[in-house]
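Please keep the sequence and the coordinates at hand.

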Amino acid sequence: MPDETREPNPALPAGSPDPTKPSAPESAKASGVTKADATNKPAEPVKAAAAPATGDKPAAAAAKPAAPAAKPAPKPEGPKPEPWDSELVRKLKGQYGSGIREASTYVGQKYLVVDSSIVHEILLRMRDDELFDYCVDITAVHYPKRELQFDVVYILYSFHKNERVRIKTQIREGETLRSAFAIWPTANWLEREVYDMFGISFSEHPDLKRILLPDGWKGHPLRKDYPILQQDREWVQINLGIESGQ
Amino acid sequence: MKDPETDYRHAKPDQSGSGVMDYLDLDTKDQTFLDATELVLNMGPQHPSTHGVLRVILKLDGEKVLGTECVIGYLHRGVEKIAENRTYAMFNPYVDRMDYVAAVSNGLGYCEAVEKLLNTEAPPRAQYIRVILTELCRIASHQVWLGTHALDIGALTPLFYCFRDREEILKIFEKYCGARLTTHAFRIGGCIYETYDGFEQDCLKFCDAFLPKLDEYEELLTTNRIWVRRTKGVGILKPEDCIALGVTGPVLRASGVKWDLRKKQPYEAYSKFDFEIPTGLNGDTYDRYLVRIEEMRQAVRIIRQAVEGLPTGPIMAKIPKVLKPPVGEVYVSIEAPKGELGYFIVSDGSLQPYRVRVRPPSFVNLQALDKMVRGLLVADVVAVIGTLDIVLGEVDR
């Protein structure tokens with residue numbers, strides 16, 4: 001029968017392959033933080049994790065004098081997204097106005113956040129006018145706490161300019177995006193995978209069905225509300241008749 | 001205990017007409033595409049030349065291929081979901097299990113991505129060690145490709161030659177980090193292991209010994225009449241099709257596009273080395289063979305330069321013991337033996353990545369199969385699957 005207990009805390013640094021073995025008080029702290037984070041609260045952990053982190057430091061400092069020397073260094077210089085200003089952005093902003101929600105760079109990587117109603121138009125423009133002829137990847141991120149639950153991310157590359165840009169759009173649950181298959185044929189499988197893993201559907205897609213999971217699968221595993229043991233309960237035991245031991 | 005309603009094995013085929021099960025259902029009349037002259041042939045998933053568990057549904061007219069459909073996912077392990085439940089460091093060994101014949105490259109891409117997220121960089125010595133091992137891994141990956149690809153086409157000897165010589169690379173890996181295949185050689189922030197005594201000599205010895213071996217492979221195949229007949233003009237992919245389909249790596253270069261991330265967007269220490277990017281002319285299976293052979297030569301060149309210029313110094317950057325990258329998202333990609341391997345990582349500032357997306361080169365390249373085999377014969381499908389150099393562990397993740 002399914003093992004209903006939670007999986008052992010995966011983030012316990014003691015079992016981690018990390019070369020640096022944390023000292024005992026530190027590892028206790030860290031695992032405590034992880035437990036709070038592991039409860040699928042993606043929107044808040046940002047703040048929630050920040051609080052214990054500050055409390056973490058003095059403990060570590062007391063335990064090991066070597067650790068704090070490395071620790072404070074990356075903290076203050078936490079990179080922030082900077083506004084991205086270029087001819088392309090000005091042109092797009094001039095045409096679409098508030099449809100372009102954000103144009104920023106983060107650690108040197110450019111991205112645009114655009115309204116879901118114009119994303120197809122933007123993608124087409126990026127290919128035809130801006131010569132972003134290679135669609136590297138299409139993927140999504142799930143934020144269940146937000147009203148617009150999903151980020152759909154298009155990673156584009158231009159062979160002519162040797163430049164990468166990410167086009168991001170936010171959609172709510174059940175909203176349909178227009179498929180990019182007509183723009184880049186490579187979107188076929190990439191969008192099928194997004195559909196398979198997140199349940200986001202794309203209109204005008206030639207063959208939208210599951211790609212990695214079997215047709216009889218229930219749910220979309222990369223959604224944050226999909227528990228990691230569901231596969232064991234819902235599929236492995238019923239269909240294969242075996243205990244997976246998870 | 002079993003509920004017939006939910007029992008997948010006994011499920012009725014999907015009546016909507018979208019599932020592949022339709023093709024195999026013999027009870028109901030199939031209205032998808034069959035007519036008297038067409039035949040549907042199921043190739044795989046347990047087929048020796050599909051390099052794992054790939055199932056290709058071929059629609060045939062006699063022996064001519066009219067269309068294909070790939071059924072993948074037999075090896076799906078949910079790597080991206082696992083990542084969300086592990087810390088950054090704990091997920092590192094998992095990536096080795098995707099492209100298991102080029103595990104070192106996978107690890108490099110992941111470490112690069114997390115380092116970018118942490119806004120740090122490996123120290124120079126670690127970068128050189130990484131380059132050496134990654135290029136050795138590229139050779140090993142190409143050797144597996146060459147051996148199995150030649151075997152599929154009917155040449156048995158290259159398999160033994162390749163695996164014999166690959167052993168020397170695996171020995172270096174084993175001496176360096178204790179593992180031969182899923183090495184987990186690198187850590188976020190650099191390398192964990194200092195090179196062992198005699199590492200440089202081992203690498204140079206391998207380079208010296210390998211180049212004549214490479215000529216041996218070429219002697220067996222390059223002018224072999226059967227090999228040429230089986231590969232020339234087979235599975236042609238034009239450069240514009242490559243770009244539209246997102247195909248990268250040697251397949252793209254064989255079509256004549258001189259594009260290699262090691263040159264275009266250099267990572268690690270690649271900008272310091274002198275090497276060429278081989279390209280093909282026709283984009284056929286034979287050109288892809290030549291490109292990969294030449295890539296092995298260039299890899300040897302890089303290894304020699306890296307070993308000779310191996311700097312001294314620390315091998316680990318100063319990174320916090322508990323990795324907690326700031327909130328943000330990055331996409332970092334490297335030139336893996338099979339193409340562009342990218343990691344898109346979203347951090348919410350906690351110990352675990354909020355989302356890790358792997359952009360697998362094999363998965364995207366496999367999509368070109370249909371385009372490449374239309375109009376060819378069934379035997380050519382085997383050649384084309386081989387030339388795409390897919391690893392199903394990476395396709396399915």
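How many helices and how many strands are there in chain A? Chain A has 7 helices and 8 strands. The model under discussion is predicted. Of the 246 residues in chain A, 33% are buried. When contacts in chain A between residues at least 6 apart in sequence are considered, 47% of them join residues at least 24 apart.

The description of chain A may begin with its strand pairings. Strand β1 of chain A, residues 82–83, is joined by 2 bridges to strand β2 of chain A, residues 100–106, and the two run antiparallel. Within this pairing, A:Glu82 stands opposite A:Thr105 of β2(A). β2(A) also pairs in the antiparallel sense with strand β3 of chain A, residues 109–114, here over 6 bridges. A:Glu102 has A:Val113 in β3(A) as its bridge partner. β2(A) and β3(A) form a hairpin with 2 residues between the strands, in which A:Val107 takes a positive phi near 40°.

Which residues have the most contacts inside the largest nonpolar core? They are A:Leu156, A:Ile167 and B:Ile132, in a core of 158 residues. The element that gives the most to this core is helix α5 of chain B (residues 124–153), with 15 residues. The surroundings of A:Ile167 can be listed in detail: apart from its neighbours within four places in sequence, A:Ile167 is in contact with A:Leu112, A:Val114, A:Val119, A:Ile122, A:Leu123, A:Met126, A:Tyr154 and A:Leu156.

The axis of helix α4 of chain B (residues 103–118) comes within 8 Å of that of α5(B), and the two cross at roughly 140°. Because of this angle, α4(B) is oblique to α5(B). On the side of α4(B), the contact involves B:Val104, B:Ser105 and B:Leu108, which meet B:Arg130, B:Leu133, B:Thr134 and B:Cys137 in α5(B).

Chain B contains an open sheet of 3 strands in the order β6-β7-β8, with antiparallel pairing. Its edge strands are β6 (328–336) and β8 (355–359) of chain B, each of which pairs on one side only. On average, and with direction ignored, neighbouring strands of this sheet are turned by 15° against each other. Strand β7 of chain B, residues 339–347, pairs with β8(B) over 5 bridges in the antiparallel sense. One of the residues in this pairing, B:Gly342, has B:Arg359 in β8(B) as its bridge partner. Helix α4(B) packs on this sheet, where it touches β6 and β7 of chain B, and its direction makes about 150° with that of β6(B).

Another open sheet in chain B has 3 strands in the order β1-β2-β3, and its pairing is antiparallel. β1 (38–43) and β3 (64–71) of chain B are the edge strands, each pairing on one side only. From one strand to the next, the twist averages 20°. β1(B) pairs with strand β2 of chain B, residues 55–61, over 6 bridges in the antiparallel sense. Here B:Leu39 stands opposite B:Leu60, and B:Val40 stands opposite B:Lys59. β2(B) is in turn joined to β3(B) by 7 bridges, again antiparallel, and B:Val56 has B:Cys70 in β3(B) as its bridge partner. The hairpin of β2(B) and β3(B) has 2 residues between the strands, and B:Gly62 in the turn has a positive phi of about 65°.

Helix α15 of chain B (residues 378–388) lies across β2 and β3 of chain B, running at about 150° to β2(B). The loop between α14 (369–373) and α15 of chain B holds B:Gly375. Is B:Gly375 buried or exposed? B:Gly375 is exposed, because 10 other C-beta atoms lie within 10 Å, and a residue with 12 or fewer counts as exposed. Apart from neighbours within four places in sequence, B:Gly375 is in contact with B:Lys64 and B:Val65. B:Leu392 lies 17 residues from B:Gly375 along the chain, and their C-alpha atoms are separated by 25 Å.

Note on methods. Residues numbered from 1 in each chain as written. Chains lettered and ligands numbered in written order. Predicted model: local features only at pLDDT ≥ 70, side-chain atom pairs only at ≥ 80, totals over all residues. Pairing = 2+ DSSP bridges. Helix = DSSP H or I, 4+ residues; strand = E, 2+ residues; numbered from the N terminus. Axes fitted to C-alpha atoms, helices over the stretch in contact; angles between N-to-C directions. Contact = placed C-beta atoms within 7 Å. Core = buried A, V, L, I, M, F, W, Y, C linked by C-beta atoms within 7 Å. Buried ≥ 20, exposed ≤ 12 C-beta atoms within 10 Å, placed from the backbone. Parallel < 35°, antiparallel > 145°, perpendicular 65-115°, else oblique.
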